[in-house]
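Subject: Structure for your review

Hello,

Please find the structure below. My notes on it follow.

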Amino acid sequence: MNKSVGYALFAGLAAVVVLISTAIFVGFGGDDGGLGDSSHKPRDPAAPAVSGQWVGTWSAAAAAAEPGTLNGYAGMSVRNVVHTSVGGSGVRIQLSNLYGTRPLVVSHASMALAAAPSNPTAATGTMRRLSFGGKPAVTIPAGGAVTSDPTRLKVPGDADLLVTTYSPSTSGPATYHPYARQTSYLARGDRAEDATGAAYTEQSPYWRYLTGVDVWSTQARGAVVAIGDSITDGITSTAGANHRWTDFLAARLRNEPGAPRYGVLNQGISGNRLLVNGSRFSPNNGPSVLSRLDRDALSRSGVKAVIVEIGLNDLFKSPRQLDPQKIVAGMRQIVREAHARGLRVTGSTLTPFGGHRGYSDLLNSVRERVNRIIRSGSVYDEVVDFDKALRDPSMPVRLRPSYDSGDHLHPSDEGFRAMADAVNLEHLKQAAPAAL
């Protein structure tokens with residue numbers, strides 16, 4: 001073989017390798033920057049995602065360090081059960097050690113479709129081992145987070161996923177979300193890739209370590225993030241039924257003609273406040289919306305719109321904030337930060353709580369003054385009037401009886417449905433921030 005022929009063959013082979021490599025890269029990243037990218041440059045929400053993109057399908061805010069877990073979950077498999085809002089052909093997850101005090105070693109992690117709702121058994125042929133930077137194990141530093149490598153798995157919208165992590169060694173306190181309204185599972189030993197749920201004999205009402213699931217989608221055009229308190233967290237919704245208001249919103253976005261095809265990410269934390277941080281070790285409160293806004297909302301994968309429901313706990317909890325202008329100023333700061341990222345914000349009015357043990361005429365007057373300012377259009381880009389959607393027409397300071405979970409503060413399942421129905425889906429399509 002002469003040199004010219006040899007060089008030609010070498011160049012041809014090199015070109016083939018480049019083409020194959022490019023195809024693989026585009027298949028799981030391409031235009032969106034590949035693994036771990038959380039780019040959310042404004043796009044036309046009416047344009048189809050023909051080339052595909054990473055979109056958040058599920059999330060939960062890291063709320064606190066789980067009490068009684070100073071050594072973490074050494075030698076145990078944690079199988080989180082989560083529910084998708086949109087589907088795709090690939091998947092990746094985010095794990096958090098935000099409240100850990102020592103590095104968290106995850107030596108084995110997996111993903112699968114659940115064989116049945118709220119069931120720890122994997123659907124046949126869907127179990128996938130996850131990797132991190134090409135390696136089967138990862139160490140997450142205290143306060144840190146990590147995104148897995150993509151894996152191919154056909155993920156439906158409106159389905160349960162099983163995300164399992166195994167930690168062989170002790171770590172600091174577990175980062176968790178306490179009010180999951182979903183049963184997850186624990187097993188002794190490394191059972192991360194067990195397709196059967198037989199070893200998962202311990203049930204849990206928490207989500208641990210897992211804070212997000214993204215899918216690679218050519219259909220979904222982005223995600224809407226809902227950030228708020230226990231009303232967004234869905235603390236009184238039926239456990240395992242996926243009846244939070246964000247779940248009902250996700251169903252509307254999947255099924256209604258003309259609706260933007262968005263994933264829905266729930267970043268509610270029960271007890272959360274707008275202005276004041278909670279204790280890192282409390283099962284309630286979490287960091288304030290202002291302090292967690294970027295991490296939990298603005299930087300989520302494919303985010304196109306933000307819905308904010310917050311403020312009641314600033315009235316209830318000590319130190320109480322009784323100046324409506326200070327509450328509204330915090331809301332306006334949310335909008336400024338979102339506008340800096342090219343995102344519009346839909347904000348809600350504060351909902352009724354007459355009859356609740358924390359009710360007083362003074363607190364209600366502050367609530368109503370805040371609501372008047374919100375309704376004036378000088379705070380958020382768009383307003384969703386959850387107060388109007390939930391209140392009893394004959395007694396507006398109280399929830400409508402059929403929408404009341406029984407504590408006169410948190411909605412029932414039907415109340416959560418009414419909240420989702422109150423969201424104007426056309427508002428979520430708007431691409432550019434409004435001039436306020």
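Helix packing

The crossing of α3 and α9 is right-handed (the near helix is turned clockwise from the far one by less than a right angle; left-handed would be anticlockwise). This is a predicted model, in which local features need pLDDT of at least 70 and side-chain atom pairs count only at pLDDT 80 or more, while totals for chains, interfaces and linings use all residues. Residues are numbered from 1 along each chain as its sequence is written, and side-chain values use heavy atoms, without hydrogens and water.

Helix α3 covers residues 245-255 and helix α9 residues 413-422; helices are DSSP runs of H or I of at least four residues, strands are E runs of at least two, and both are numbered from the N terminus. Their axes (lines fitted to C-alpha atoms over the stretch in contact, with angles from 0 to 180 degrees between N-to-C directions) are 8 Å apart at an angle of about 50°. On the α3 side, W245, F248, L249 and R252 make the contact (heavy atoms within 4.5 Å).

Sheet

An open sheet of 6 strands runs β7-β6-β11-β3-β13-β14 with antiparallel pairing; two strands pair if DSSP finds at least two bridges between them. The edge strands are β7 (128-129) and β14 (202-204). Strands β6 (108-113) and β11 (160-167) pair over 6 bridges, and S110 stands opposite T164 in β11.

Confidence

The average pLDDT (the predictor's confidence in each residue, from 0 to 100) is 90, and 87% of the residues score at least 70. Over residues 1-49 pLDDT stays under 50. Where pLDDT is low, the predicted coordinates should not be read in detail.

Regards
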